Amino acid sequence: MKFTKMQGCGNDYVYVNGFVEKIATEDKPDIVRKLSDRHFGIGGDGVIFINPAEEADFEMEMYNADGTRSEMCGNGIRCVAKFVYDKGLTDEEHITIVSGGQVKYLDLTVEGKTATERGQVVKVRVNMGSPILEPSLVPVVAEGDKAVDEPIVVQDKEYRMTCVSMGNPHAVVFMDGVKDLQIEAVGPYFENHERFPRRTNTEFVEIVDRQNVFMRVWERGTGETLACGTGCCATAVACVLNGLTDEKVTVNVLGGQIEIEWDREQNLVFMTGPAVTVFEGEVEC
């Protein structure tokens, strides 16, 4: 099977062209676990299959490293956009991609384009849609019409979380000392907490100023990653809801920077960040 390794701010996945590679759905979880293994496989935060779609230009079929499906991946969808343009699957610089039943609209920034060269995508802006705040839809067990600055007890310690879905569930926790946080000691307990029926991604966020924050993320089914696009979106929304930043914010992650804007008038979140091809190859699976 041919593959392409790609990353967005260090959030790396193995990408497979589903137009060419035909793999039975029931075989994919096992294949994903093997390919994602950083010692015995290719290595990555998961595997993304790029497929034909009826309701959009392309489908992103995303799996976490543990073989479970996920609804959305912000860094992944940018890399899918780069893949389909750079590989000549589309000539358009404005495309749609569906993932988990959600259609997203993407604007591609292409560099090196000439009369004879098509250039390559270096950056992608994604309309990530409206944030979901209703607890039952995030989902999270909480009272009221939204979970903002909500107390949660994890390992006998109380934290304050703001819960947002960007098509997948997020719990954003504001705190000091994020760089020194022993995230592997607390992340799994958030992920599997009884208040999250479908588990959760958890963002630990430190405010720098009104335009900048620092974030580390524990992703369900994977563990700590260098970036999480939907997590950056959820973080920006949570920042605004708590009055901590402006509506445009740079989220600094371990793998780089992602620009987020929550347009309150339209109630739409826009994410802009890089997409990079690392290498390509062929593997037996």
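How many residues lie between β9 and β10 in their hairpin, and which residue in the turn has a positive phi? There are two residues between these strands, and Q155 is the one, with a phi of about 50°. Before we go on, note that this is a predicted model, in which local features need pLDDT of at least 70, side-chain atom pairs count only at pLDDT 80 or more, and totals for chains, interfaces and linings use all residues. Residues are numbered from 1 along each chain as its sequence is written, and side-chain values use heavy atoms, with hydrogens and water left out.

Strand β9 covers residues 150-154 and strand β10 residues 157-165; strands here are DSSP runs (E, at least two residues), as are helices (H or I, at least four), numbered from the N terminus. The two strands pair in the antiparallel sense over five bridges, where pairing requires that DSSP finds at least two bridges. Within this pairing, P151 stands opposite R160 in β10. In a regular strand the side chains alternate between the two faces of the sheet. In β9, E150, I152 and V154 make up the covered face, while P151 and V153 make up the uncovered one.

The largest nonpolar core has 54 residues, of which Y15, I97, L106 and I260 touch the most other members. Its largest share, eight residues, comes from helix α4 (residues 229-241). A second, separate core of 20 residues includes V138, A147, M161 and F196. Such a core is a set of buried Ala, Val, Leu, Ile, Met, Phe, Trp, Tyr and Cys residues joined through side-chain atoms within 4.5 Å, with buried meaning under 20% relative accessible area (1.4 Å probe, protein chains only).

Finally, open space. The largest pocket has a volume of about 160 Å³. A pocket is an open set of points on a 1 Å grid over the protein atoms alone, with protein on both sides within 12 Å along at least five of seven lines, and lining residues have an atom within 4 Å of a point. Points are joined across faces, edges and corners, and the volume is the space filled by probe spheres set on them. β1 (2-8), β2 (11-17) and β18 (276-282) each supply at least two lining residues, and β1 gives the most, with three. Among the residues of this lining are K2, F3, Y15, E21 and E280.

Terms used. Buried means under 20% relative accessible area, exposed over 50%, partly exposed in between (1.4 Å probe, protein chains only). On a 1 Å grid over the protein atoms alone, a cavity is a set of points where a 1.4 Å probe fits but cannot get out, and a pocket is an open set with protein on both sides within 12 Å along at least five of seven lines; lining residues have an atom within 4 Å of a point.
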